[in-house]
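My notes are below the display.

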Amino acid sequence: MPKFAKGDAVSIADRSPVGHYRMPTYLRGKRGTIELVIGTMAVDNEEEAFGRNAGSKGHYYRVAIPMTEIWPDYVGSPNDGLRIEIFENWLERI
């Protein structure tokens with residue numbers, strides 16, 4: 001069962017683990033909205049890369065982030081945004 005649903009407001013965790021992680025630094029701590037729940041569960045590829053996964057699975061979500069959330073001085077259309085697929089362990093409910 002996915003932890004989040006389409007339309008949920010989320011925050012991207014603001015943490016800095018040691019090693020290579022798939023979450024861009026410039027998006028950590030930003031807020032967005034779940035636009036799509038990726039239906040097929042997947043392994044946590046970050047944990048898998050370090051050999052720590054042990055087969056646990058979770059969901060990826062397409063998250064819509066307004067450009068003004070990323071760049072507060074952004075002067076383009078208020079409808080502009082960035083879409084990114086994020087594994088659920090990086091997302092927090094707001």
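**Entry 1: ground rules.** I am working with a predicted model, where local features need pLDDT of at least 70, side-chain atom pairs count only at pLDDT 80 or more, and totals for chains, interfaces and linings use all residues. Residues are numbered from 1 along each chain as its sequence is written, and side-chain values use heavy atoms, with hydrogens and water left out.

**Entry 2: whole chain.** I looked up the secondary structure and found two helices and seven strands. Helices (H or I, at least four residues) and strands (E, at least two) are DSSP runs, numbered from the N terminus. The order from the N terminus is β-β-β-α-β-β-α-β-β. I noted a C-alpha trace spanning about 45 × 30 × 20 Å along the principal axes.

The accessible surface is about 5900 Å², and carbon and sulfur atoms hold 52% of this surface. Areas come from the Shrake-Rupley method with a 1.4 Å probe; for residues, only the protein chains shown count as cover. Of the 94 residues, 33% count as buried. Buried means under 20% relative accessible area, exposed over 50%, and partly exposed in between (1.4 Å probe, protein chains only).

I also checked contacts, meaning heavy atoms within 4.5 Å. Taking those between residues at least 6 apart in sequence, 62% join residues at least 24 apart.

For charges I have 12 positive and 13 negative side chains, with the centres of the two sets 2 Å apart. Lys and Arg count as positive and Asp and Glu as negative, while His and the chain ends are not counted. The place of a charge is NZ of Lys, CZ of Arg, CG of Asp or CD of Glu.

**Entry 3: strand pairing.** Two strands pair if DSSP finds at least two bridges between them. I followed S1 to strand S2 (residues 31-37): the two run antiparallel and are joined by three bridges. Alanine 9 stands opposite threonine 33 of S2. S2 in turn runs antiparallel to S5, with four bridges between them. Threonine 33 has alanine 64 as its bridge partner in S5. S1 also pairs with strand S7 (residues 91-93), again over three bridges and in the antiparallel sense. Here isoleucine 12 stands opposite leucine 91.

**Entry 4: core.** Which residues have the most contacts inside the largest nonpolar core? They are Ile12, Leu27, Ile34, Val63, Ile65, Ile86 and Leu91, in a core of 18 residues. At least two residues of this core come from each of strand S1 (9-12), strand S5 (60-66), helix H2 (67-70) and strand S6 (81-87). A nonpolar core is a set of buried Ala, Val, Leu, Ile, Met, Phe, Trp, Tyr and Cys residues joined through side-chain atoms within 4.5 Å.

I listed the contacts of valine 63 outside four places in sequence: Val10, Gly32, Thr33, Ile34, Glu35, Leu82, Arg83, Ile84, Ile86 and Leu91.

**Entry 5: isoleucine 86.** Isoleucine 86 lies in strand S6 and is buried, because its relative accessible area is 1%. Beyond four places in sequence, isoleucine 86 contacts Ile12, Met23, His59, Tyr60, Tyr61, Val63 and Leu91. Its C-alpha is 11 Å from that of glutamate 46, 40 residues apart along the chain.

**Entry 6: serine 11.** Is serine 11 buried or exposed? Serine 11 is buried, because its relative accessible area is 14%. Serine 11 sits in strand S1. Its contacts, leaving aside neighbours within four places in sequence, are Gly29, Lys30, Arg31, Trp90, Leu91, Glu92 and Ile94.

**Entry 7: two loop residues.** Isoleucine 38 lies in the loop between S2 and strand S3 (42-43). At 24% relative accessible area, isoleucine 38 is partly exposed. Not counting residues up to four places away, isoleucine 38 touches His59, Tyr60, Tyr61 and Glu85. The C-alpha atoms of isoleucine 38 and histidine 59 are separated by 6.4 Å, at 21 residues apart along the chain.

Proline 24 is in the loop between S1 and S2 and is partly exposed at 22%. Its C-alpha is 23 Å from that of alanine 5, 19 residues apart along the chain.
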